[in-house]
Amino acid sequence: MKQYCYGSTVFFLFLDFQFLMKKRHEQKLVVLSIALFLVFNVPFLLVFNSDGQLFGIPVFYFSIFSIWILSIVISYIVLKRHYE
Amino acid sequence: MNNYSLVLIIILYLAVLFYIAFFAERKKKSKWVNNPYVYTLSLAVYCSAWTYYGSIGIAANSGIDFLPIYLGPVIAAPLWIVLLRKIIRISKQHKISSIADFISLRYGNHRFLGALVTLVCLFGTLPYISLQLKAVSETFAIIADETSYISTSILDDSTFYVALLLAVFATFFGTQNTDASEKHKGIIASVAFESVLKLLFFLVIGIYITFYLFDGTTDIYSKISNTENFNSLIKLNGIEDSFNWFFMTGLSFIAIFLLPRQFQVSVLENIREKHLKKAIWMFPLYLLLFNVFVIFIAWAGKLTFGNAVNAEYYTLLLPLENGNSFLATLVFLGGFSAVISMVVVSTLALSIMVSNNLIIPYGFLDKFIKNQPERNSKYIKNIRRISIFTIIITAYFFYVSFSRELSLYSIGLISFVIIAQLAPSFFIGLYWNRGSSKAAIIGIIVGILIVLYTLVLPFTVQAYTGSDDFVQYGLRGISALKPHALFGIDFLSPPAHAFFWSMSANILCYLIFSLTSKGHYRERNYAEMFVDIRNFSTLQDSALVWKGEAYVADIKNVLVRFLGETKANRALSIFFTKYKLSPDTQIADARLINFSEKLLTGSIGSASAKILIASVVKEEQISLVEVLKILEESKEHIVSNKVLLEKSNELAELSSKLKTANQELITKDKQKDEFLDTVAHELKTPITGIRAATELLMDDIDDMPMEMKQQFLKNILQDSDRLGRLINNILDFEKLETGRLNLDIERYDIQNTMKKAMSSISHIASKKEIRLINRNPHSFKLNYDEDRILQVLTNLLSNAMKFCKEKTGEITIDYKLGNQFVEISVSDNGKGIPSEDHDFIFEKFYQSKHQNTIKPHGSGLGLAITKQIVQKHNGKIWAEKGLKKGAKLVFTLPFE
């Protein structure tokens, strides 16, 4: 019985510190971060480095803002689906 | 606007903030204060006056350079799920109250390291605070519309009073508790409120300028695109520019973690880890909204004013130019909000660092030991209060003497570069257990020296002497030592250049010196705890390895000095219950030492806590090897516990499986009994009939008229037939249920089988005048056991016949081809199946309640056998639900 009690305390401690998200889904966010780092830096950034505009927004700004929004949406979806 | 009414507005606004903070402090537990939105908005303290005004200045003058400051955090945000959570977890576990505490604790409660980090933070943040004051003063001057407004003395300068008011605010809500690791909910709530306001007002002015003053984004673009050098504003200019961009992104990535105010709100004021879930996507969204209109405001300003005014204040000047002073006041209040939150949170964080890592460990400890507990807590609070005032006033003087000439952007970046020097010891230390305090100190000092030379010195020299010889020709004219182009690297902007050199040197020093010296055992102990927080958090207080002699009474004495008698007693009793120790334990163990250090950390900082506890205990030196061995053992202990836990879970699962199996067996047994009962009963009925008829015949064999005799004999025959059928059925069913029946599967035409089934019952049907309809005349070949399927069909057909009325009855047989199966249906226009029977008609001996009136014809096994046969063919059988009239039974047969 005593052994069992000890086991259960350990168990609750684990619960307390258990990750709320599975590792695989966490790593999705890490990969997102790496992807953002690559896209937001040279040489990748030079892809958008051109003249012209879309809706009055220069192409460079427009691309950065779009990636920005995309990253928000992706994090939102990943967290919504896999947290808890 | 009138100077006095503006002052009135400012005071009113501050009163509102006081009220909000006060309300939040009173309702600490309410969901208005504890929610992920407040947490996310408090993170927006990142957007200071620099964002609010500075971005526009850069967008107007040098183009895209304002963006990397926000892209760093955007890159960092998804990483928070791993990185920030680890930091939060460590901080909560060790009751850490500032970034200086965090770093010094990681390197074994190192006193000097804590002090050094504090100095770096002070050095980096003071100019930043002064930059905020500069923004207040300049915007005030613009709004107040006084050309004569040039403050001649401090007492005349409204900024000075604003600074004092902010200090009062920070003091009032920042020093309610001696324990600095307690949350400051009042301040956080007001910061969240200000974050809403600043974003809202910025968006309002953005929309006003873009869509009201101008005709939308395309209008502004088409006008500005004709101006000179426009292309340099919307693109990266070559590879050199992209290097700057790269370093700036890195810099802001570091800043979002390490700026003292950022560490304060994101780590120390975090109430629940799960609030990160919202913050990870909402914070980048907040930043995005803040940046959308920046370029349009900047260009609109440029189109309106040319280069005549300071571009940083276009948001104020544009509405004023168009006579809209109300909007301008709103913008001013938004900027003011940005300033207040930044100044208050920064000074709060700095004051805690200064008191816990600088003043207390380097001077006040001896005094504290002699003092009474009440006076100690008062002293600690006073030290913090004085620090807050000193910091703000120093920042004010810094502003008066230096930053009037500099732009918001350049001061902000200098701060970032200075704070970034903490990055190697912070980030690498989180994941690398060999990083040592000596290496951290050397790295930080070397980094800071390089920043001083490349960034701070040039502008100080320039501000004092007015000449830029130092920048142009380098130290003593040596061109390799030019501060903005060390060793000929001249293509980077000054902050990027300073960041590059200082960070490279810092990281290299940190790595090299960590490896050349053998670490101290205590230091390594903490390193292991930080790096492997998941395992060590389960160890809790046993994670610290400590050997020596210590008495509970001595330690209690120290605790009483700082926490007071009642709190200390309560804490100790919690400790004793937690570890199941007797309350009159005399000898203290490692766990108590660790526990008490943690208790004191919040009030006086980790370094002082260590020194205090060390002063009352006798510690024995342990070798590093021994420490590592003990840690390894405790980790193994955890792992084995984990394994045990898994095993016990498995066992529990297994036993529950056994339980369900047992339950099933019991039900099966019951079913078998019921089955036997029914069978016996069913067998008895015809036998009784036969026996009665025979008896009658035997008794009255002579007197009975011929017709009656024949009738009785007919009855006997019928009952024997029924008996025979029943026995056959039971045998069949038994074979099917126990799985002993082997199907004789061959290729047949389903049409033929259907016809055979129909012809076998056609004579009964024609007797009853029931019409049999075959809806689908096509033939289709598939594999099945014809005899058995014939049995199924006959069963279904005779079942249908039973429920049909004579003369008007109609039975339809039909089949459809589905995807990989044939669906065969038998429907009638009889009275249908009552809905409550739908689920049971395929069970053995189930006969509907509604049949009670008539004598049941079948054995009660027909449909059960049918179901078994169909299932044996891997098909399904069911009764269609929701029919208006009649019944429809359907079964499927799969084919390849």
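Which residues in helix 1 of chain B are buried? They are B:Leu17, B:Ala21 and B:Ala24. Keep in mind through every view that this is a predicted model.

**View 1. Helix 1 of chain B, end to end.** This helix covers residues 3-26 of chain B. Look along the helix for B:Leu17, B:Ala21 and B:Ala24, which are buried.

**View 2. Where chain A meets chain B.** Chain A puts 39 residues into the contact, and chain B puts in 37 residues. On the chain A side, helix 1 (2-17), helix 2 (23-39), strand 2 (57-58) and helix 3 (59-82) each bring at least two residues. Helix 3 of chain A gives the largest share of that side, with 11 residues. Sort the chain A side by residue type and you get 29 nonpolar, 8 polar and 2 charged.

**View 3. The largest nonpolar core.** There are 227 residues in this core, and the ones touching the most other members are B:Leu166, B:Leu258, B:Ala298, B:Ile392, B:Val417 and B:Ala420. Helix 16 of chain B (residues 325-370) hands over the largest share, 22 residues. As a rule, nonpolar side chains in soluble globular proteins tend to be buried together.

**View 4. Zooming in on B:Val417.** Set aside the neighbours within four places in sequence, and B:Val417 is in contact with B:Leu251, B:Val451, B:Leu455, B:Pro495, B:Ala498, B:Phe499 and B:Ser502. Another core, this one of 32 residues, lies apart from the largest one; B:Phe733, B:Ile750, B:Ala864 and B:Ala887 are among its members.

**View 5. An open sheet in chain B.** Here 5 strands line up in the order 4-6-7-9-8, with mixed pairing. Strand 4 (771-774) and strand 8 (877-879) are the edge strands: each has a single partner strand, so one side of each has no neighbour in the sheet. From one strand to the next, the twist averages 15°.

**View 6. Strands 6 and 7 of chain B, with a helix across them.** Strand 6 (residues 810-817) and strand 7 (residues 821-828) of chain B pair in the antiparallel sense over 7 bridges. In one of the pairs to pick out, B:Thr812 has B:Ser827 of strand 7 as its bridge partner. Helix 31 of chain B (residues 750-768) lies across strand 4, strand 6 and strand 7, and runs at about 175° to strand 4 of chain B.

How values were computed: Residues are numbered from 1 along each chain as its sequence is written. Chains are lettered from A and ligands numbered from 1 in the order in which they are written. This is a predicted model: local features need pLDDT of at least 70, side-chain atom pairs count only at pLDDT 80 or more; totals for chains, interfaces and linings use all residues. Helices (H or I, at least four residues) and strands (E, at least two) are DSSP runs, numbered from the N terminus. The expected span of a helix is 1.5 Å times one less than its number of residues. A residue is buried if 20 or more other C-beta atoms lie within 10 Å of its own, exposed if 12 or fewer, and partly exposed in between; C-beta atoms are placed from the backbone. Two residues are in contact if their C-beta atoms, placed from the backbone, lie within 7 Å. Ala, Val, Leu, Ile, Met, Phe, Trp, Tyr, Cys and Pro count as nonpolar, Asp, Glu, Lys and Arg as charged, and the others, Gly among them, as polar. A nonpolar core is a set of buried Ala, Val, Leu, Ile, Met, Phe, Trp, Tyr and Cys residues joined through C-beta atoms within 7 Å. Two strands pair if DSSP finds at least two bridges between them. Axes are lines fitted to C-alpha atoms, for helices over the stretch in contact, and angles run from 0 to 180 degrees between N-to-C directions.
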